[in-house]
Amino acid sequence: MFERFTRGARATVKGAVAQAERAGAGSVTEEHLLLALLEQEGSRAAFAVTALGLHDRRASLDAAFAEARRRGGLTKADTDALAGIGIDLGAIVSRVEGAHGEGALDADRRGRRWWSGHRPFTPGAKTVLENALRVALGRGDRFIGEEHLLLALTAKPGVVADVLADHGATYTAVQRALYGSVADRGDGEGDAGQGRAQAG
C-alpha cells in the first residue's frame, strides 16, 4: 500500500511520528496524523484545510483534543450515551483527576515507551491509512495523497472526526473543499463505501 503514497502523504506519515515524539506519546494516533496534515503546505489537502479555516482555529483544535484526552479518549457519542443512563462523565473525570492528578485518564500517558525510539501506529491510525486507500480507490485515483488521508480522518468515527465536524470539517465539507461540488459523487459515505467495495 505504501508504494501508492505520494511524497506529501509519506511526509504526513513521517510528520505524524514527529508529532508523537514531540508530545512524548508512546504511539502514533489519528490526532498526530491530523496535526501533521495541518503542517503540510502546497497540496490540495493544505488548500482544503485553509479553506475550511482549520489553520486559523489550530488553538481550538488543540484544546478540543486536550479535552478529549482528559476524558480518556471518549467521543461525544460515548459521553452522551453515558449521560443517557445517568453517568456524568465530567464528574467522574474530576474525581479521578482529584485522586490521581490532571490527565490521569489520558490513555497514551500509560503507554509511553521512553526506552524505545519506535512508536507504533495505533489501530485507529492504521485504519485511517487503510481507509485512505479505500477513499482513493473510490475516487478512481491510482495514488494515495494527503487529500485521501484527510477524507479518511473525517470518515472514521471517533474523536478526530468529532473535533473536525465541530470545526465545520465533515466528510462532505472536506470533499467539497477538495473537489468542488460533490453532487455528482454522492454523499461522503457513498465514496467511502465505493472504495471499500473496490478494495475488497
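The paragraphs below describe the fold, the core and several local contacts of this predicted model.

In this predicted model, local features need pLDDT of at least 70 and side-chain atom pairs count only at pLDDT 80 or more, while totals for chains, interfaces and linings use all residues. Residues are numbered from 1 along each chain as its sequence is written, and side-chain values use heavy atoms, with hydrogens and water left out.

The chain contains 12 helices and 0 strands; here helices (H or I, at least four residues) and strands (E, at least two) are DSSP runs, numbered from the N terminus. Read from the N terminus, the order of elements is α-α-α-α-α-α-α-α-α-α-α-α. Of the 200 residues, 46% count as buried, where buried means under 20% relative accessible area, exposed over 50% and partly exposed in between (1.4 Å probe, protein chains only). Contact means heavy atoms within 4.5 Å. Among contacts between residues at least 6 apart in sequence, 63% join residues at least 24 apart.

A nonpolar core is a set of buried Ala, Val, Leu, Ile, Met, Phe, Trp, Tyr and Cys residues joined through side-chain atoms within 4.5 Å. The largest one has 46 residues, and those with the most contacts inside it are Leu 33, Leu 34, Leu 54, Leu 150 and Leu 153. Two or more residues come from each of helix 1 (7–23), helix 2 (30–39), helix 3 (44–51), helix 4 (58–70), helix 8, helix 9, helix 10 (159–166) and helix 11 (171–179). Helix 8 gives the most to this core, with 8 residues. Leu 54 is in contact with Leu 38, Val 49, Leu 61, Leu 164, His 167 and Ala 169, leaving aside its neighbours within four places in sequence.

Two helix pairs illustrate the packing. The axes of helix 8 (residues 123–139) and helix 9 (residues 146–155) come within 8 Å and cross at roughly 115 degrees. Axes are lines fitted to C-alpha atoms, for helices over the stretch in contact, and angles run from 0 to 180 degrees between N-to-C directions. Helix 8 and helix 9 are therefore roughly perpendicular to each other (angles under 35 degrees count as roughly parallel, over 145 as roughly antiparallel, 65 to 115 as roughly perpendicular and the rest as oblique). The crossing of helix 8 past helix 9 is right-handed; a crossing is left-handed if the near helix is turned anticlockwise from the far one by less than a right angle, and right-handed if clockwise. On the helix 8 side, Val 128, Leu 129, Asn 131, Ala 132, Val 135 and Ala 136 meet His 148, Leu 149, Leu 151, Ala 152 and Leu 153 of helix 9. By class, this contact has 9 nonpolar, 2 polar and no charged residues, with Ala, Val, Leu, Ile, Met, Phe, Trp, Tyr, Cys and Pro counted as nonpolar, Asp, Glu, Lys and Arg as charged, and the others, Gly among them, as polar.

For helix 4 and helix 10, the axes come within 10 Å and cross at roughly 140 degrees, again in a right-handed crossing. Leu 61, Ala 64, Phe 65 and Ala 68 in helix 4 meet Val 159, Val 160 and Val 163 in helix 10. The contact of helix 4 with helix 10 has 7 nonpolar, no polar and no charged residues.

Within helix 10, Val 159, Val 160, Ala 161, Val 163 and Leu 164 are buried, and the buried residues of this helix pack against helix 2, helix 4 and helix 9. In helix 11 the buried residues are Tyr 171, Ala 173, Val 174, Gln 175, Ala 177 and Leu 178. Gly 180 follows helix 11 and has a positive phi, near 85 degrees.

Thr 154, in helix 9, counts as buried at 11% relative accessibility. Beyond residues up to four places away in sequence, Thr 154 touches Ala 161, Leu 164, Ala 169, Thr 170, Tyr 171 and Val 174. Thr 12 belongs to helix 1 and is buried, with a relative accessible area of 1%. Not counting residues up to four places away in sequence, Thr 12 touches Leu 33, Ala 36, Leu 37, Gln 40, Glu 146 and Leu 149. Arg 4 lies in the segment before helix 1 and counts as partly exposed at 34% relative accessibility. The C-alpha atoms of Arg 4 and Asp 141 are separated by 9.9 Å, although these residues are 137 residues apart along the chain.
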